[in-house]
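Me: I am new to this structure and would like to learn how to read it. Could we go through some features one by one?

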Amino acid sequence: MPSMSTAIRPRTEEAVSARTLSSSIGYGVLYVVLAATAVLQLLPLLWLLLFSLKNNQEIFNLSPFALPKTLHWSNYSTVWEQGSIGRYFFNSLWITVVSVVLTILLANFVTFAMTRMKWKLSGIVLGLFMIGMMIPVHSTLIPLFSLFKKVHLTDSQLSIVLSYIAFNLPLTIMILMGFYMALPKEVEEASIMDGCSVNRMFFRIILPMTASVSVTAAIINMIYNWNEFIFVNTFLSDDSKKTLTVGIQNFVGQYTTNWGAIGATLMISILPILVIFFLLSNRIVEGIAAGSVKG
Amino acid sequence: MNTVMSNKRIIALYVLPSLFLILAIIYVPIVLTGYYGLMNWNGIGKPSYIGLANYKTLMHDSVFWHSTFHSLLFALLSTLCLILYLAVALVLSGKIRGANLLRKIYLIPMLLSSVAIAQLWLKVYHPTNGILNGLLEKLGFHHTPEWLADPHIVLYAIFIPILWQFAGFYILIYYAALKNIPASLVEAAKIDGANALQVALRIKLPLISEVIKVTIVLAVVGSLKYFDLIYVMTDGGPNQASEVMASYMYHKAFREFDFGYGSAIGFFLLIICLVATWVIRRLTATKDTIQYS
Amino acid sequence: MKSKILTLGTLLIATTLVVTACGGNSGNNNAANSSAGTDNSASDSSNANASSGNSNSGAASDEKITLKMMHLWPDGSNSAQNKMVTDIISEYEKANPNVTIDTEVLENEQYKNKLKVLSASNDLPDVGFTWAAGFMDPYVNGNMFAPVDDLLQGELKDKFVAGTTEAYSFGGKTYALPVELNIVPVYYNKEIFAKYNLQAPKTLDELKTVIKTLNDNNVTPITLGGKDAWPSSFWYMYLADRIGGPDVMDKAVASNDFNDPALLDAAKQAQELVNMNAFVKGYNGLSNEEAKALFMNEKAAMFAMGTWEVPNYTTSPDVPQAFKDKIGYFKFPTVDGGKGNVDDWVGGPGVGLFVSQNSKHVDEAKKFVSFFVQKWGEHSVTDAGVIPATKVDTSTVKLPPMFIDLLNELNKASKVTLYLDTQMKPGASDAHHNLVQALLGKAVTPDEFIKKQDEALKAGK
């Protein structure tokens with residue numbers, strides 16, 4: 001970096017104080033903008049909360065942030081009583097967790113093999129994975145249903161888990177790839193010099209180093225899986241096997257829709273993901289610190 | 001070194017399970033989509049082979065070209081928005097008090113499902129009692145736009161929520177990438193007297209260039225096959241003014257029972273994505289990958 | 001020489017195809033018998049007593065049968081219908097202990113998608129709901145549905161309102177049995193009308209005066225969910241009927257010819273209403289749900305919608321009585337010099353029950369369908385406020401006045417024209433949605449509207 005060396009010059013007292021003054025004004029403006037944006041991003045949650053406490057009329061006629069005359073907490077009890085929310089919730093949870101863990105693990109394997117190991121077909125295989133992102137979901141429904149029928153997986157939650165993994169793998173690999181490619185070569189060289197096996201190196205050194213990006217990819221995967229409903233609707237029939245997003249559709253009617261209850265369902269379904277998100281996203285920062293790069 | 005890192009058994013062990021899954025669950029549909037694209041098939045009963053007739057119709061289908069144009073426009077706009085997301089991520093990853101809380105708050109919209117986002121923005125755009133027109137009327141505008149009913153505006157009106165919806169996704173990726181840069185490199189540059197902007201442009205951006213390339217591909221491919229919000233907010237209307245490739249495919253295959261034609265659109269969409277990816281790869285190709293030194 | 005062999009080969013293949021196609025298609029009874037025959041455990045097959053009909057004795061057979069049924073009334077949004085389905089099923093299961101009925105419930109749009117995916121894989125449920133006419137055309141042509149004429153000539157004879165089952169018949173055979181029947185009145189807010197000294201309009205000119213008066217007083221005359229397109233179609237259809245007479249649309253669809261001058265005049269009239277600002281601002285961006293909310297909140301004076309809305313103006317506990325009292329309805333006004341009658345309605349049966357042709361238990365499924373339709377007819381008006389397609393004796397049930405009035409309107413209707421988008425095949429129907437949206441959005445001229453609709457019909461998809 002040539003420009004860096006020229007930048008070194010002795011600083012006078014005044015220059016420093018002028019710089020702090022202008023930078024503190026700059027920081028002030030920056031904070032105002034940042035805070036305003038934060039408020040803007042928080043509004044949807046507030047809106048959703050209010051939405052879930054209104055009836056249909058109020059939802060359509062009141063301003064979105066106006067308080068309803070009476071708070072319709074009954075929307076929540078309606079949701080609780082009518083939809084089998086508890087079961088949906090449990091299904092959503094385990095399907096999401098299993099799919100995310102497997103996707104992240106498999107994607108790390110593949111990305112490692114493609115970016116760090118040397119083999120002839122790696123380019124082609126990478127291409128195969130990338131093309132996997134390009135097919136529109138609705139083209140896959142009919143073929144996939146026949147496929148699952150042939151292997152007797154219709155109405156099985158396994159079909160959902162497998163689909164989630166397969167459809168999220170390309171995206172996850174793409175996200176991981178950018179990071180893997182930036183990893184210094186010295187890491188492997190050093191560990192191989194030490195007589196480390198590839199497996200050991202992958203699990204002990206590489207995987208921890210990519211923790212921050214793996215967590216990032218996991219969050220994205222989690223959100224996608226948690227909110228997905230087309231596959232669930234198409235491949236599952238048994239109500240007891242379905243997930244939370246189907247609970248939302250329980251309130252969409254032939255001629256009328258119970259929007260308040262949908263709001264309540266959305267609210268219930270967003271809470272766990274909010275909590276997990278807040279917990280996991282700390283790991284993004286910690287990720288690199290936990291890695292084995294020292295100095 | 002080389003022998004260890006090209007151990008065939010390990011490569012197979014690492015790649016084959018995923019590859020098999022992809023081939024079964026994604027490539028079977030891709031191949032079948034290509035196959036159905038050559039058929040006259042309503043999705044029920046026996047398909048009949050008609051060669052490239054669907055594709056010939058496609059070439060003269062003005063609605064299809066409109067929707068392709070709309071999709072490409074979305075792809076372009078989404079790519080431009082990446083700059084905005086990157087700037088936010090740069091600010092957040094810097095040493096800012098409360099950054100930790102702020103960045104979490106910024107990502108909240110991402111957690112909402114498309115159903116919720118669509119409902120929220122329908123309320124924003126409502127012609128008579130929406131937030132936006134309410135605001136405009138307070139500012140003294142009398143002829144407020146009919147955001148989702150006006151064919152000239154609808155496409156852009158729908159793009160704003162999409163931009164907003166995906167902000168969290170890209171900011172999250174950039175943020176993680178920026179946090180992955182060893183602090184020592186940034187510190188060294190600062191000791192050398194570089195200011196924040198210089199550090200960002202000269203140190204940080206080159207180091208995450210691979211991630212940026214990846215996000216460009218993701219943004220373009222994601223936009224080209226985008227469906228969710230459009231389906232809920234306008235269903236491609238009015239008068240197909242906001243129709244995109246994926247929604248047009250859906251309408252043909254599932255509403256009009258023309259599964260053969262729908263599949264042809266789906267296959268064409270795949271090819272456009274491939275071409276776009278190839279172009280991006282060529283445009284962003286660098287001689288050697290930048291690594292931490 | 002080579003080409004001869006080739007043609008011979010293709011001929012051979014073609015013949016085999018025809019033979020196999022015919023084999024799978026040789027009438028319902030055969031198929032039913034053979035499939036029943038494959039159920040080897042059934043010594044006294046349920047076949048015999050199923051066709052004899054209303055045997056609730058339950059002594060039919062010991063063979064355990066599970067029927068799969070799909071419907072579109074989730075508990076959360078259509079709880080009344082949902083409960084009726086559950087009740088009817090449990091009643092049936094009680095009477096027929098060997099039969100278990102598994103239901104799957106999906107919301108409207110998802111229901112349609114899944115039905116399509118299932119039929120592509122030949123995996124339809126034994127019993128399910130379909131929409132009439134154009135929607136079911138591909139299913140009927142693909143031999144997905146079993147004809148149910150034996151039921152219609154048997155135990156269900158004369159149970160249906162005349163003309164309702166025709167919407168489900170193709171080539172002389174009926175493939176589904178309707179459960180609902182709706183017509184489309186124009187609801188209006190009597191208080192708003194009284195405030196501006198307005199009467200329910202009897203002619204189009206009067207309607208225009210009403211619209212003008214309301215606009216002059218800054219009241220939105222008509223609310224309309226143009227994004228969903230089918231509500232817009234009501235307006236076009238009524239204009240076409242009032243101008244061109246009761247058969248003009250049926251004839252156009254049947255002959256794939258949309259060139260009748262009355263259809264063009266209707267398109268012109270529709271745009272004239274648009275020019276008068278008859279419809280709420282931004283209607284083409286509003287869903288029916290959003291449009292309806294404006295009427296419910298008295299922000300618009302008129303709303304043309306199916307009779308499924310009547311509970312909102314009569315019995316629904318969620319709507320304040322004060323609002324209900326303000327709502328009346330009028331029949332769509334006539335057009336001077338037009339051929340249509342004020343008692344012509346737009347409407348028709350909604351969803352109907354089908355039995356899957358590939359069901360392993362076609363006869364059991366039919367028996368259940370017959371039971372279902374009858375029970376539904378008995379309960380739907382009183383329990384759910386839904387007008388069934390079976391005949392209702394208004395003298396024995398206690399109903400709100402608006403309900404009785406509309407049931408009587410239905411009885412004296414001179415014609416009920418089935419919704420155009422339902423009449424047309426899926427391709428033309430989707431085109432109709434786009435075109436009617438474009439017409440009311442003034443994105444096409446009336447001439448272009450006619451021309452494009454004509455092309456879509458002639459494409460035959």
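This is a predicted model: local features need pLDDT of at least 70, side-chain atom pairs count only at pLDDT 80 or more; totals for chains, interfaces and linings use all residues.

Reply: We can start with chain B.

Me: How many helices and strands does chain B have?

Reply: Chain B has 14 helices and two strands. Its C-alpha trace spans about 70 × 70 × 30 Å along the principal axes.

Me: What share of the residues of chain B count as buried?

Reply: Chain B has 293 residues, and 58% of them count as buried. The accessible surface of the chain comes to about 12,100 Å², and carbon and sulfur atoms hold 68% of that area.

Me: What share of the contacts in chain B is between residues 24 or more positions apart?

Reply: Among contacts in chain B with a separation of 6 or more, 69% join residues 24 or more positions apart.

Me: How many positive and negative side chains does chain B have?

Reply: There are 21 positive and 13 negative side chains in chain B, with the centres of the two sets 14 Å apart.

Me: Which residues of chain B does UniProt list as "transmembrane region"?

Reply: An annotation comes from a record, and it can be set beside the model. The unreviewed UniProt entry lists residues 12-38, 72-93, 105-122, 153-177, 211-233 and 259-280 of chain B under that name. In the model, residues 12-38 of chain B are 93% helix and 0% strand, with end C-alpha atoms 35 Å apart. Residues 153-177 of chain B are 96% helix and 0% strand, and their end C-alpha atoms are 36 Å apart.

Me: What does UniProt list for chain A under "transmembrane region"?

Reply: For chain A, the unreviewed entry gives several spans, including residues 124-148 and 160-180. Residues 124-148 of chain A are 80% helix and 0% strand, and the end C-alpha atoms are 27 Å apart. Residues 160-180 of chain A are 100% helix and 0% strand, with end C-alpha atoms 29 Å apart. UniProt, again in an unreviewed entry, also has the annotation "domain: ABC transmembrane type-1" for residues 89-280 of chain A. That span is 78% helix and 0% strand, and its end C-alpha atoms lie 20 Å apart.

Me: Which strands pair with strand 10 of chain C, and in what sense?

Reply: In a regular strand, side chains alternate between the two faces of the sheet. Here, strand 8 (residues 186-189) of chain C pairs with strand 10 of chain C in the antiparallel sense over three bridges. C:Val186 stands opposite C:Ala304 of strand 10. Strand 9 (residues 220-222) of chain C runs parallel to strand 10 of chain C, joined by two bridges. There, C:Thr220 has C:Ala300 as its bridge partner.

Me: Is strand 10 of chain C mostly covered or mostly exposed?

Reply: Strand 10 (residues 300-304) of chain C is mostly covered, with five of its five residues buried.

Me: Why does B:Thr33 count as buried?

Reply: Buried means under 20% relative accessible area. B:Thr33 counts as buried because its relative accessibility is 2%. B:Thr33 is in helix 1 (residues 8-36) of chain B. Beyond its neighbours up to four places away in sequence, B:Thr33 touches A:Ile135, A:Ser139, B:Ser263, B:Gly266 and B:Phe267.

Me: Does A:Gln82 count as buried or partly exposed?

Reply: A:Gln82 counts as partly exposed, at 26% relative accessibility. A:Gln82 lies in helix 4 (residues 74-82) of chain A. Leaving aside neighbours within four places in sequence, the residues in contact with A:Gln82 are A:Asn250, A:Phe251, C:Asp75, C:Gly76 and C:Ser79.

Definitions and conventions: Residues are numbered from 1 along each chain as its sequence is written. Chains are lettered from A and ligands numbered from 1 in the order in which they are written. Side-chain values use heavy atoms; hydrogens and water are left out. Helices (H or I, at least four residues) and strands (E, at least two) are DSSP runs, numbered from the N terminus. Buried means under 20% relative accessible area, exposed over 50%, partly exposed in between (1.4 Å probe, protein chains only). Contact means heavy atoms within 4.5 Å. Accessible areas come from the Shrake-Rupley method with a 1.4 Å probe; for residues, only the protein chains shown count as cover. Lys and Arg count as positive and Asp and Glu as negative; His and the chain ends are not counted. The place of a charge is taken as NZ of Lys, CZ of Arg, CG of Asp or CD of Glu. UniProt positions are given in the numbering used here, feature names are shortened, and annotations may be inferred rather than shown by experiment. Two strands pair if DSSP finds at least two bridges between them.
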